[in-house]
Amino acid sequence: MIVNIKNMSKSFGSKSILNNISLEIKKGEIFSLIGPNGAGKTTTMRCIYGDLRQDSGEIEVFGKPFSPNLKTNIAVMSEDRLTFGRFNGEDYLKMWSMIYPDFNRETFSDFSIHYKFDLKQKIETYSMGMKTLFYIALTVSSGADLLILDEPTQNLDPVIRHEVLEMLKDFVNQEDKTVIISSHEIYELEEISTSFGIIKEGKLLYNDTIDDAKDNHRIVNQGEKIPEGEVIANIGDEVLVKTQEDIGRYPTFREISLAYLRENKVFKPFNKK
Amino acid sequence: MSQTIKKFEAFFMKEFTEKAGRIAVFSLLFMIPQFEAKLFFLFLFVVFGLASDIHNKKFSTLISLPFSYKDVYLMSYTFIATIVTLTSLAGAAIFSGSVEYGLANLLSSLIFITAYYGISILSVSFGMDNFGIPFLVFIIDMIVSNIGNRYNNPFFAFSPTTQGVKWLALIAAVLIFATGFYVFDKKGVQK
């Protein structure tokens, strides 16, 4: 197990952000954290790499209780893409080579040539899309076994976005690494994720592998007999049910995600008859 | 061990690159041979270091890298102490000419930055700002340590500004520094 979180809770002052989160991420997985803004995705990630201290619960990374010594094996791209103001690309390359013992300069050079990074330019002045690519290049080249990427396709155009996702998939498969990503983009997550967790209002609603999630749910038409199991939510004229019965049809990943995020609390201010 | 040295090197590189202008200006000011005359500059250099990065939410850029809270606290302090030591010694060599006076001046500067580094980090660790609260402490420290006669004001002895009895002031500074270290490591940054 690469990451094992047990009953983690976190508050900022009097505001509860994470409420009793438990999840497991196995080696070689691309694990996606899905949820709306403010759900607690970024806070969960920040707790995993020790930026924030959880109030309660346990976090194990690489089979050991989290310790800062493990961080040379964790590479992070934060959501805000904050950079050191006066650092140019060469400064970053030098710094990451120093602090990540297995940093691969050749891999970084490949990225640098492909995406035409100007290493003399201050990273602060890069566009958001270029900053994202630059951070992806650093994290992938770091040699770390666990990558934590917050919104890794944010600000990328569709072609580059596809290329980055394919690259991450190959990276995990060929290099035997583990990646945790967070995103709002449910469509693209299905393309690359092996497992996922749905988080909303600080609670983990569901987590599973994508294949098992599809296996464990069925879509039935409204009015049809509901099988034995847990009704998750309506999706249009259909209902998502968590069941082992072989009835209805298999849901898509998108339907599962949306249903858990809705939980039958559909916002219809205009439909008050 | 070698990884620790590399971390130090990386941290120093970051500080020199990010704060080159500020370091150059303060280095000149730290060459002033009288401790009392450079007190406020030392204070400014300390509170606009790590505490300012934390307060201005720049800390996450650093802590997302393989640095622990302990690393950052100690490296940032070491960086400040190194700058103060080198420039104070250079100032003593150029302006005072006396080794004893230069070393005494350096010790006073180090005691002061040790205490106020701890105070500034404690302030931001408890969600307060990097300048206002430490400045308030600084003012109170200056006033209280100068009340009455130095022989019947115990605060005069261990205050980081007056340092009436050097070893008492050093112990007090180390205690504040250690408290800052403990709180920063245990509590973390709450933003």
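**Note on a predicted two-chain model**

1. Helix α3(A) passes helix α4(A) in a right-handed crossing; a crossing is right-handed if the near helix is turned clockwise from the far one by less than a right angle, and left-handed if anticlockwise. The axes of α3 (residues 105–114) and α4 (residues 128–141) of chain A come within 8 Å and cross at roughly 160°. Axes are lines fitted to C-alpha atoms, for helices over the stretch in contact, with angles from 0 to 180 degrees between N-to-C directions. α3(A) and α4(A) are therefore roughly antiparallel to each other (angles under 35 degrees count as roughly parallel, over 145 as roughly antiparallel, 65 to 115 as roughly perpendicular and the rest as oblique). Helices (H or I, at least four residues) and strands (E, at least two) are DSSP runs, numbered from the N terminus.

2. From α3(A), Thr107(A), Phe108(A), Phe111(A) and Ser112(A) meet Ala137(A), Val140(A) and Ser141(A) of α4(A). Contact requires C-beta atoms, placed from the backbone, within 7 Å.

3. The model is predicted: local features need pLDDT of at least 70, side-chain atom pairs count only at pLDDT 80 or more, and totals for chains, interfaces and linings use all residues. Residues are numbered from 1 along each chain as its sequence is written, while chains are lettered from A and ligands numbered from 1 in the order in which they are written.

4. Chain A contains an open sheet of four strands in the order β2-β1-β4-β5, with antiparallel pairing. Its edge strands, β2 and β5 (64–65) of chain A, each pair on one side only. Two strands pair if DSSP finds at least two bridges between them.

5. Strand β1 (residues 3–12) of chain A is joined to β2 (residues 15–25) of chain A by seven bridges, and the two run antiparallel. Ser11(A) has Ser16(A) in β2(A) as its bridge partner. The two strands β1(A) and β2(A) form a hairpin with two residues between them, and Gly13(A) in the turn has a positive phi of about 60°. β1(A) also pairs with β4 (residues 56–61) of chain A, in the antiparallel sense over five bridges; Asn4(A) stands opposite Glu60(A) in β4(A).

6. Chain B has 10 helices and zero strands. Its radius of gyration is 17 Å, close to the 16 Å that the globule rule gives for 191 residues, so chain B is as compact as a globular protein of that length. The radius is taken over C-alpha atoms, and the rule is 2.2 Å times the number of residues to the power 0.38. The C-alpha atoms of chain B fill a box of roughly 50 × 35 × 30 Å along the principal axes.

7. Within chain B, the axes of α2 (residues 20–30) and α3 (residues 35–47) come within 10 Å and cross at roughly 150°. α2(B) and α3(B) are therefore roughly antiparallel to each other, and the crossing is left-handed. Phe26(B), Leu29(B) and Phe30(B) of α2(B) make the contact with Lys38(B), Phe41(B) and Phe45(B) of α3(B). These residues divide into five nonpolar, no polar and one charged.

8. Between the chains, 19 residues of chain B are in contact with 22 residues of chain A. On the chain B side, the elements giving two or more residues are α1 (2–18) and α5 (59–63). α1(B) provides the largest share, nine residues. The chain B side divides into five nonpolar, eight polar and six charged residues.

Notes:
Contact = placed C-beta atoms within 7 Å. Nonpolar A, V, L, I, M, F, W, Y, C, P; charged D, E, K, R; others polar.
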